[in-house]
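This briefing sets out selected features of the structure shown below.

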Amino acid sequence: MTLSDTWVGRSIRRVEDPALVRGDGRYVGDVAVGMATARFVRSASPTGLIRSIDGPCCTAADLDAAGVGEIEAVLHRPDFVKVSQPLLARDRVRYVGEPVAVVVGRSPEEAEDLAEQVIVEIDPDDEPLVHPFEATTNTVVEGQFATPEIDDALDQADCLVEMVLTSHRQAALPLETRGATAAYDRRTGRLTVHASTQAPHILRTAVSDLLCIPEADVQVVAPDVGGGFGQKLPLAREDVVVAWLALQRRGSVAWIEDRSENLTSSWHSRDQVYRVKGGFAFEGELLAIDAEVACDVGAWSCYPVTWGVEPLMAMGELCGPYTVAHYRVRSRGVSSHRCPVAPYRGVSRPVITAALERLMDTAARRLKMDPVEIRRRNLVTEFPHTSVTGVVHDAGTYAESLDAAVEHFDLDEFRDRQEKARKGGGPLLGVGISTFAERTGYGTPVFATRSMGVTIGYETVTMNMDPSGFVEACIGASPHGQGLETTLAQVIADELAVDVLHIRIIHGDTDRTPYGWGTFASRSMVIAGGAVQIAAGRLRERLAQVAAAVLEANSDDIVFNAGRASVAGTDVGVPISELARIAHHHTERLEPGTPAGLAVEASYDPGGTFSNACHIAEVEIDPETGATTVTRFVVVEDAGRLINPMIVDGQIRGGVAQGIANALYEEVVYDEDGNILTASLMDYLPPTAAEIPDIEIRHLETITDATITGAKGLGEGGTIGAPAAILNAVSDALAHLDLAVDELPATPDRVRALIRSREDTR
């Protein structure tokens, strides 16, 4: 079978796009039209005791009186501090933007007016502990790991390289802010919640638990979602409040977050400091890593992944794609009077990679080695590889992707241009390399080791073919712009030999889909794709049984091609659509005991697979202003089998754009008193299309046996690798001045301050 005969591997257009391009999509904001509007009154103080709340509003006291529960995100480990989070602040506020009260108006304008009538009096205090009654320290989770001979390895190293890398806080900034509507059906007593969420079933369970109503009485629908990037994965306390308001009013209520709320009150990420020491041999071999990681996780833990998600990932994956025999790390999550932190595309791995890749470049400079060569000597080359922390890397192309990227980029030609630019006194040119491996598509075998209060991971699909021969696959995953409907349809189309336009993927509706965990962590194509392939295989077997009865043949001799089922080696066959009709309407023609209809179910729960990539960035720095321009960006990615190369490239380009934002532009800034200074897009600076270069992409394809589709996850890879490549490029541009940048983002003022410090010294 050739590629032209199959759907997998073809760059077909996304089936989701026509409605969105026409403006016929349906978002939470569309559902909200005509509903009563909720507006949250939020704290203007980072910390303090609530003295009084006056006005036409509901408060924590009203929720308590109704028996509404509190959010508890749990890790079952002794170093974890568990706190119970009220849906509205009770007694004390802990960050600017925390919801204190809620009002409901007949329109958004009336709700805004009502919110302004609410007077909240807060007595500021100097309490240093964010949760003084639950903890004696602000360290709320702490992981430690050490190999037995780490100190000896560091002592015996020929070269010790120490560095501190700082990543400042970011916001995910989805195009569509958060929002939810809730409608109570007086006839059935059921509650329907529409929410801009990545995990509808998690939200349904939380609403049921916190409002003490059966899950059967709650339907959650995620309609079209305008981006999530992790910010819409954790439970939003506002969503539950909106559901409670609908129950109380026995009607419908809507809440749509504005941009200021999103920047101040929605989940932040990547507020981390890495202190890393690497022990190297003279030949460049990385012998040992010793690290201290501190993650500011904000005021509250996020449900269900908790405030351990960033520090514990940093602890487990800091060694990256390199062979390291000796490793010690202490990784802490520290609560603060700032907006809570949750997963954002890549989670800790952009910072992990930046720290590790800056360590490699710094060591290469100290050892007078080529940055490419020091990586080549340390990258994993034999698979499967078990890391020092026990993580198993399946087959990959860590060294091969590095070599392919370097060859494509032509480093020698760049060095000639760089030298000429330095002599000419114009812009400073730099090049940076980043190699990384991304663990993707992992299910309960991995999540179970985290000891969360909820063990997430598997995915289930129900699939049926209707009497007309059209296929409907209902999935627990909940995509929000990744093109998953198209790629899953391609997998099904190959299994069943039908057209992708005859396949519909149903997602985001808890009434119609099996229980699942949503879309996050580069998992959907691996896990939902695996479940879909298993289910499609079972449906194919059912069709073969029907065809065997109709064609008077053995089911093992039935072959499928181009919409027909035929007896192998003959031209005797029947259209698949006719088999579907028979299976539903003429079961008397089937063998006794054959089930009526064509419905199957399958689940998939793998241990995970590693994608890998090499990024190379070229930058140009204006020494007068410190402004950095990314002039070229190369990606060589190995994500296994490419189901739809066009969608793959789109995912990579979008990820790299967010990585560039992380590296150069976006930063959530608080003053020393805990007041947020970046509450609008006048202050928080995302890049535009003008700041993103053409991204040159090359692919390697390692077909792993760790996933049944052969595909690996890649949704976060662009964001993981780009900051490190750009930071190395900026440092390379400044290397002749004996300067380096170890801070994200490398803003113009930071770069210019470094250059000025060198000028002042001279």
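In this predicted model, the residues lining the second largest cavity divide into seven nonpolar, three polar and three charged. That cavity has a volume of about 80 Å³, and a search of the whole structure finds seven cavities of 30 Å³ or more. The points below begin with the cavities and then turn to the pockets, the sheet and the backbone.

**Cavities**

- The lining of the second largest cavity comprises 13 residues, and Thr197, Lys232, Pro234, Ala236 and Asp239 lie nearest its centre.
- The largest cavity holds about 190 Å³ of space.
- Of the 19 residues that line the largest cavity, Glu317, Cys319, Gly320, Pro321 and Ala437 are the closest to its centre.
- Two or more residues of this lining come from each of α9, α10 (349-367) and β22; α10 contributes the largest share, with four residues.
- By class, the lining of the largest cavity has ten nonpolar, seven polar and two charged residues.

**Largest pocket**

- The volume of the largest pocket is about 830 Å³.
- Its lining consists of 48 residues, and those nearest the centre are Gln482, Thr519, Ser522, Gln651 and Gly715.
- The elements that supply two or more residues to this lining are α9 (309-317), α15 (484-496), α16 (524-551) and α18 (645-664).
- Helix α18 provides the largest share of the lining of the largest pocket, six residues.
- The lining of the largest pocket divides into 23 nonpolar, 17 polar and eight charged residues.

**Second largest pocket**

- The second largest pocket has a volume of about 600 Å³.
- It is lined by 30 residues, of which Val391, Arg439, Val446, Thr449 and Arg450 lie nearest the centre.
- Two or more lining residues come from each of α9, β21 (392-393), α14 (444-447) and β30.
- Helix α9 gives the most to the lining of the second largest pocket, with six residues.
- This lining has 15 nonpolar, ten polar and five charged residues.

**Four-stranded sheet**

- Four strands form an open sheet in the order β22-β30-β31-β32, with mixed pairing.
- Strands β22 (428-440) and β32 (695-700) stand at the edges; each has a single partner strand, so one side of each is left without a neighbour in the sheet.
- On average, neighbouring strands of this sheet are turned by 15° against each other, direction ignored.
- Strand β22 pairs with β30 (residues 609-621) in the antiparallel sense, over 13 bridges.
- Within this part of the sheet, threonine 440 stands opposite threonine 609 in β30.
- Helix α13 (residues 411-424) packs on the sheet and touches β22 and β30; the direction of α13 makes about 140° with that of β22.

**Cis peptide bonds**

- Phenylalanine 383 and proline 384 are joined by a cis peptide bond with an omega of about -5°. Proline 384 lies in the loop between α11 (371-376) and β20 (385-386).
- A cis peptide bond also joins leucine 744 and proline 745, where omega is about -5°. Proline 745 is located in the loop between β33 (743-744) and α20 (748-761).

- Alanine 521 is not a glycine, yet it has a positive phi of about 55°. This residue is found in the loop between β25 (503-506) and α16.
- Alanine 521 counts as buried because its relative accessible area is 15%, and the limit for buried is under 20%.
- Alanine 562 has a phi near 50°, a positive value in a residue other than glycine. The loop between β26 (558-561) and β27 (564-567) contains alanine 562.
- Alanine 562 counts as exposed because its relative accessible area is 68%, and the limit for exposed is over 50%.

How values were computed. Residues numbered from 1 in each chain as written. Predicted model: local features only at pLDDT ≥ 70, side-chain atom pairs only at ≥ 80, totals over all residues. Heavy atoms only, no water. Pairing = 2+ DSSP bridges. Axes fitted to C-alpha atoms, helices over the stretch in contact; angles between N-to-C directions. Contact = heavy atoms within 4.5 Å. 1 Å grid on protein atoms, 1.4 Å probe; cavity = no way out; pocket = protein on both sides within 12 Å on 5 of 7 lines; lining within 4 Å. Points joined across faces, edges and corners; volume = space filled by probe spheres on them. Nonpolar A, V, L, I, M, F, W, Y, C, P; charged D, E, K, R; others polar. Buried < 20%, exposed > 50% of the residue type's maximum accessible area, 1.4 Å probe, protein only.
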